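These are my notebook entries on one structure.

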Amino acid sequence: MEQTNFQLKKQDAQSHEWDVRLHRATRATREDWLGRGISYLCIGVIILVVASMLWFITSKGIATFTQNHVSLWKFLSGTNWAPDQGNIGALPMIVGSFAVTFAAAIVATPFAVGTAIFMTEISPNKGRKVLQPVIELLVGIPSVVYGFIGLAVVVPFMRHLVGGSGFGIISATFVLFVMVLPTITTMTVDSLRAVPRHYKEASLALGATRWQTVSRVILRSATPGILTAVIFGMARAFGEALAVQMVIGNAAIMPKNLISPASTLTSQLTTGIGDTIDGTLPNNALWSLALILLLMSLFFNALVRFIAKRGQLKNGR
Amino acid sequence: MGAKRTDFIATVIINLIVAAVVGILIFLLAYILIAGLPHVSWSFLTGTTDAFSGAGGIGVQLFNSFYLLVLTMLISIPISLGAGIYLAEYAKDNWRTSLIRSAIEVLSSLPSVVVGLFGFLLFVVKFKIGFSVISGAIALTFFNLPLLTRNIEESLSAVPRNQREAGLSLGLSKWKTEIGIILPVALPGIVTGIVLSAGRVFGEAAALIYTAGQSAPVTNFADWNPMDAASPLNPFRPAETLAVHIWKVNTEGLASNASQLSAAASAVLIIAVLLFNLGARVLGNFLYRRVTASK
Amino acid sequence: MLKQYSFEKTAVQTFAGNVSLAMRTENLQVFYGANHAMHDADLGFPKNQITALIGASGSGKSTYLRSLNRMNDGIATVTGKIWYHDVDINEPNVNIYEIRRHIGMVFQRPNPFAKSIRENIVYALKANGIKGKAELEERVETSLKGAALWDEVKDSLDKSALALSGGQQQRLCIARSIAMEPDVLLLDEPCSALDPISTVKVEETLLQLQKKYSIIIVTHNMQQAARVSSQCAFFHLGHVMEYTPTATMFSNPQIPATQDYISGSFG
Ligand SMILES: Nc1ncnc2c1ncn2[C@@H]1O[C@H](COP(=O)(O)OP(=O)(O)OP(=O)(O)O)[C@@H](O)[C@H]1O
Ligand SMILES: [Mg+2]
């Protein structure tokens with residue numbers, strides 16, 4: 001009786017010891033708390049940056065309308081930009097930005113798609129050895145260098161060709177075309193590579209030529225991807241500041257043609273923001289331009305998501 | 001027109017396009033190097049700029065570019081490492097995570113001029129720090145964080161699951177597993193990403209014009225105490241970088257030889273960026289061999 | 001077509017109070033979302049014996065095994081009790097890292113760290129606060145000897161573990177686990193990636209190790225189960241159909257499903 005009691009107690013004590021041992025915090029649990037803390041903090045910093053960026057630019061950007069009581073419609077449709085005199089029609093810059101963006105995308109897309117087809121379908125080997133580095137180098141060139149070349153080569157060239165100052169939408173388009181080309185090409189290559197091999201093989205087996213296969217099968221099934229690529233390129237063009245500002249001439253007037261000085265949202269911002277005083281109408285008006293840039297960037301983002309979702313639905317079915 | 005003929009024509013056109021793309025790059029590089037390199041000399045690389053005309057050497061700007069790069073990396077690497085680990089290891093597959101991912105996506109797609117303006121608003125207007133190295137470095141950090149975070153997350157997630165299981169099954173904490181086991185394997189990819197982003201940061205100007213400023217006060221390169229006003233390390237002095245200098249000389253420069261100056265500065269900038277690209281490749285391959293095979 | 005076997009008719013042994021068990025599960029269920037991958041597993045594992053888990057692919061062996069040291073945390077929902085030293089280690093508030101130190105695991109595919117052979121073994125030891133150089137060296141040697149790898153690698157401990165052959169890597173993984181001096185060793189098809197000679201080596205290692213450890217091994221190879229194990233559990237579609245001493249299972253299977261499986265006329 002005594003004996004068993006003693007044994008039971010001993011057993012109890014042992015299992016109690018294990019109970020404690022398996023429940024207490026150890027170095028590993030503390031490490032995990034620490035790690036969790038650090039990584040949550042870091043992601044928190046990023047979220048805070050994004051949130052405050054959206055908040056500050058929005059609140060600054062709407063001051064034109066809430067404090068200076070400029071009508072939103074006048075801002076968007078007015079063509080007279082002279083903030084010193086209280087005229088803040090932003091249409092010239094809006095038109096300028098959209099014009100260079102669309103023009104650059106329209107010129108760059110055939111080049112990008114052609115290059116991507118070459119890299120994936122015609123000569124993957126040369127594609128990897130020659131074009132891949134070429135594209136990477138083009139991405140690597142800083143935008144001020146593009147701006148400088150635009151200023152030193154494209155602008156004089158346009159001046160010789162059509163007269164005038166040489167500054168204007170055409171020159172900006174030219175510079176942006178080279179800048180967005182690598183973006184669109186890289187992403188198009190990815191989407192062409194993602195087309196299942198058997199699509200291509202089936203088409204070739206039916207006796208289609210390479211071009212028929214490419215145009216009817218590969219490009220068609222890669223269309224959402226190519227569209228996404230073009231939108232990314234457009235987003236880059238829309239937001240590019242210095243290279244455009246250096247070659248477009250920076251005249252805040254409605255562009256009448258493609259070869260006279262014009263301006264974009266970004267170019268107006270870079271030239272203007274340093275010369276205005278915080279809190280005044282001219283300053284607030286510039287922040288409103290920045291807000292348009294921000295909203296457009298969100299719009300491009302949403303568009304890409306929308307296309308991706310559509311693509312998933314289609315593939316799912 | 002037969003299908004064969006169309007095929008032929010299409011092939012010719014595509015080849016022409018490719019030739020044009022390659023030609024553009026060759027032209028760009030050749031133009032910059034030919035126009036710029038003859039004007040690059042030791043005195044140009046180390047000399048000081050005339051504050052009024054913008055003529056003269058680029059010594060201070062070159063230093064500023066590297067100083068800003070180092071500061072930016074010092075701030076952004078730890079943060080994106082933590083954030084990358086969060087996304088690769090701790091984030092659950094739910095709406096909160098996808099919101100976080102969207103936020104990062106948004107940050108990465110914002111034009112750099114917007115990021116720069118935000119930095120201007122925050123540091124120069126609100127906190128009244130003025131145009132300074134530190135304002136510039138933080139603005140560049142904002143611009144750098146999303147790409148670096150994504151690169152780190154991708155590199156970490158690409159490490160096979162079984163490495164994580166190996167660590168966890170030995171009773172290592174998640175954190176220890178990630179830092180001690182996964183990170184070393186992911187290092188080649190991470191380092192490549194960091195060096196590539198360094199090239200981007202080095203060439204960035206739009207985010208800096210209104211944060212680090214457009215003037216390069218001559219500093220006393222014998223004084224390395226960051227607290228001294230004249231020290232090159234003082235984080236509160238304005239610091240025009242090489243990329244900003246090129247922009248400035250071209251748009252507002254009064255120097256008679258502005259074009260030669262900016263060609264030379266562009267050549268230096270391009271060479272620096274090319275070296276970063278090359279360095280990324282070489283370093284990545286080297287580390288990859290170190291990690292995968294026997295040393 | 002798969003034959004239908006009744007899940008009502010099972011033969012699962014229980015152990016009398018005088019057999020001491022390394023661990024035991026009670027009513028263990030595992031769900032991958034809506035997929036009910038493991039039903040009601042009540043198994044006890046005698047100390048210092050090798051228990052084999054056999055069954056067709058997808059029958060839930062790995063699922064069950066991975067639940068035992070909480071490796072399914074965050075992947076699957078595991079309900080029921082897992083008794084280890086009279087503690088239910090399936091409770092949320094137990095220290096899973098401590099559990100894994102006592103219940104080690106070796107996986108199907110060798111997964112050495114991308115570090116040197118020595119570092120593979122000492123890394124987790126150092127993380128657990130073992131600092132002494134002499135002690136670390138000793139653990140390296142004993143664990144590599146225990147895993148029958150010492151003679152092959154003793155001169156190249158600083159070489160990368162990735163340069164070893166698959167069989168050597170797997171034995172390194174076993175060494176890495178036993179260097180932690182666990183109570184229980186879980187092995188999930190440790191030989192499936194190995195050639196016959198390496199397999200024999202690993203099996204010999206296991207037979208040696210059972211003197212110190214309790215071992216649970218998943219295997220597809222019935223000869224292997226017969227060679228090394230004392231107890232054997234047969235899994236089928238997420239159910240434990242039969243759990244008997246190995247000798248019984250292979251000479252006198254208790255239910256039709258097991259009979260068919262070990263005679264090869266299954267399914
Ligand atoms: N990570 C997972 N997520 C979802 N379902 C899973 C997961 N792992 C396993 N399953 C499912 O659980 C069931 C049992 O799988 P388990 O891997 O345990 O089988 P197994 O007996 O180990 O098979 P094998 O012999 O092929 O290793 C299967 O239906 C499988 O699809
Ligand atoms: Mg399995």
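**Entry 1: chain C against chain A**

I looked first for salt bridges (a side-chain nitrogen of Lys or Arg within 4 Å of a carboxyl oxygen of Asp or Glu) and found 0 between chain C and chain A. I then looked for polar contacts (a pair of N or O atoms within 3.5 Å; within protein, one must be able to donate a hydrogen and the other to accept it, and residues adjacent in sequence count only if both atoms are side-chain atoms). The count between chain C and chain A is 6 residue pairs, both residues at pLDDT 80 or more.

I noted that the side of chain C that touches chain A takes at least two residues from each of α2 (96–102) and α3 (117–127). The largest share, 4 residues, comes from α2(C). Helices (H or I, at least four residues) and strands (E, at least two) are DSSP runs, numbered from the N terminus.

By class, I listed 7 nonpolar, 6 polar and 6 charged residues on this side of chain C. Ala, Val, Leu, Ile, Met, Phe, Trp, Tyr, Cys and Pro count as nonpolar, Asp, Glu, Lys and Arg as charged, and the others, Gly among them, as polar.

Contact (heavy atoms within 4.5 Å) involves 19 residues of chain C and 13 residues of chain A. The buried area (the accessible area, 1.4 Å probe, that two parts lose on being put together, summed over both) is about 1200 Å², with 58% from carbon and sulfur atoms.

**Entry 2: basis of the values**

I recorded that this is a predicted model, in which local features need pLDDT of at least 70 and side-chain atom pairs count only at pLDDT 80 or more, whereas totals for chains, interfaces and linings use all residues. Residues are numbered from 1 along each chain as its sequence is written, chains are lettered from A and ligands numbered from 1 in the order in which they are written, and side-chain values use heavy atoms, with hydrogens and water left out.

**Entry 3: the domains of chain A**

I found chain A divided into domain 1 (2–61) and domain 2 (72–316), with bounds from an automatic or database domain assignment. Their C-alpha centres lie 48 Å apart. In chain A, 5 residues of domain 1 are in contact with 9 residues of domain 2.

These two domains of chain A bury about 630 Å² between them, 70% of it on carbon and sulfur atoms. Ile57(A), Lys60(A) and Gly61(A) supply 75% of the area that domain 1 buries against domain 2, more than any other three residues.

Which side chains meet in a salt bridge? I identified Lys60(A) and Asp278(A), at 2.6 Å, N to O.
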